[in-house]
Amino acid sequence: MFKGVDMGVVATSLVTIAFVVLMPVAVVLWARRRLGVSWKVVGWGALAFAVSQLLTRLPLTQALQYALRDELKSSELFRNVMLVVLCLSAGLFEETARLWVFARPLKAWRRWRDAVGFGVGHGGLESVLLVGGMAALGLVNMVALANLDPSTLPLTPEQVAEVVKAKATFAALRWWEPLLGAYERVGAMVMHVAFSVLVLQRYVRGSIRWYWLAVGFHALANLVAVVVGQAWGPLAAEGVVTVTALVGLAIIVHFRRDEVAREVGGTLPPEVAVSGS
C-alpha cells in the first residue's frame with residue numbers, strides 16, 4: 001500500500017492528523033474543567049467558524065479565484081492582490097461572526113472565560129475539519145500518486161503537468177515537515193482565543209475599535225506568515241506563527257488580569273458582571 005512512499009513522512013503525517021483532531025478535544029475539556037466554560041459557548045464558537053468560513057468565505061473566495069484564474073496565472077500583481085484579499089477577508093468574516101454572536105446569542109456570556117471557550121470552539125472545529133481533513137486528504141493523495149504514471153492518465157498536458165508537480169512536491173517532503181502542521185495548530189488555537197478576547201472588549205469597554213483591532217491583527221498575522229513562508233520557507237513561517245502566538249498569549253493574560261482587577265474594583269459593566277457560563 002505504501003510502496004514508493006517515504007514511511008517517515010507517512011508516520012509523521014498520521015501523528016499530525018491525530019494531533020490536530022485530538023488536541024482541540026483536550027483543550028475544550030480542559031477549559032470546561034478548569035474555567036467552567038459552558039458547552040453553549042464552545043458550540044457557538046464552532047458554529048461561528050462553520051458559518052463564517054465553511055459556508056460563506058471559502059465558497060466565495062474559491063469562486064472568485066476560479067473567475068480570475070487566467071489573470072492569477074499570468075499576473076503577479078493579481079496574485080499579490082488576491083493574497084491580501086484572502087487574508088483580509090479571513091479577519092472580516094471570522095471577527096464579524098464573533099462580534100454578532102457576542103451581541104445576540106451570547107449576550108449573557110461576556111466574561112473572559114467565555115471568550116476563551118468561544119475561541120477554543122472556533123479554533124477546534126477549524127483544526128478538526130479543515131486542517132485535519134486536508135491533512136488526511138493530502139496523505140491519501142501522496143500514497144495514490146506515489147506509483148502512478150501520469151502519462152497513462154486521460155488528462156490534458158496541463159493537467160499531467162500538475163500531477164507531475166504534485167508528485168515532485170510529495171517526494172521532496174522531509175520526514176519532519178508534516179509535524180509543522182501540528183505545531184502551527186497550537187499557535188492558531190492561541191490566536192483564536194486572543195481574537196475572541198479582543199472582540200469581547202467591544203462590549204466590555206463599549207468601543208468598536210476592539211473589533212477592528214482583531215480584524216487587523218488577524219489579517220496581518222495571516223499575511224506576514226504567508227509572505228515569509230513564500231520567501232524563506234516553512235520554518236520561517238512557523239517562526240512568525242510563534243511570535244504572533246506569543247503576542248496573542250500576552251493579550252489573553254492581560255485581559256484576564258484586567259477583568260479580575262475591574263471586578264475587584266467594581267468597575268465591570270453590570271451586564272458583564274452578572275453574566276456567566
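Author: At least two lining residues of the largest pocket come from each of α1 (7–35), α2 (39–67), α4 (76–103), α5 (112–146), α6 (157–171), α7 (179–204), α8 (209–232) and α9 (234–265). Helices here are DSSP runs of H or I with at least four residues, numbered from the N terminus. This is a predicted model, where local features need pLDDT of at least 70, side-chain atom pairs count only at pLDDT 80 or more, and totals for chains, interfaces and linings use all residues. Residues are numbered from 1 along each chain as its sequence is written, and side-chain values use heavy atoms, with hydrogens and water left out.

The top contributor to this lining is α5, with ten residues. The volume of the largest pocket is about 1900 Å³, a volume being the space filled by probe spheres set on grid points that are joined across faces, edges and corners. A pocket is an open set of points on a 1 Å grid over the protein atoms alone, where a 1.4 Å probe fits, with protein on both sides within 12 Å along at least five of seven lines; lining residues have an atom within 4 Å of a point. There are 49 such residues around the largest pocket, and V131, G181, E184, R185 and E238 are the closest to its centre.

By class, 28 residues of that lining are nonpolar, 14 polar and seven charged. Nonpolar covers Ala, Val, Leu, Ile, Met, Phe, Trp, Tyr, Cys and Pro; charged covers Asp, Glu, Lys and Arg; the others, Gly among them, count as polar.
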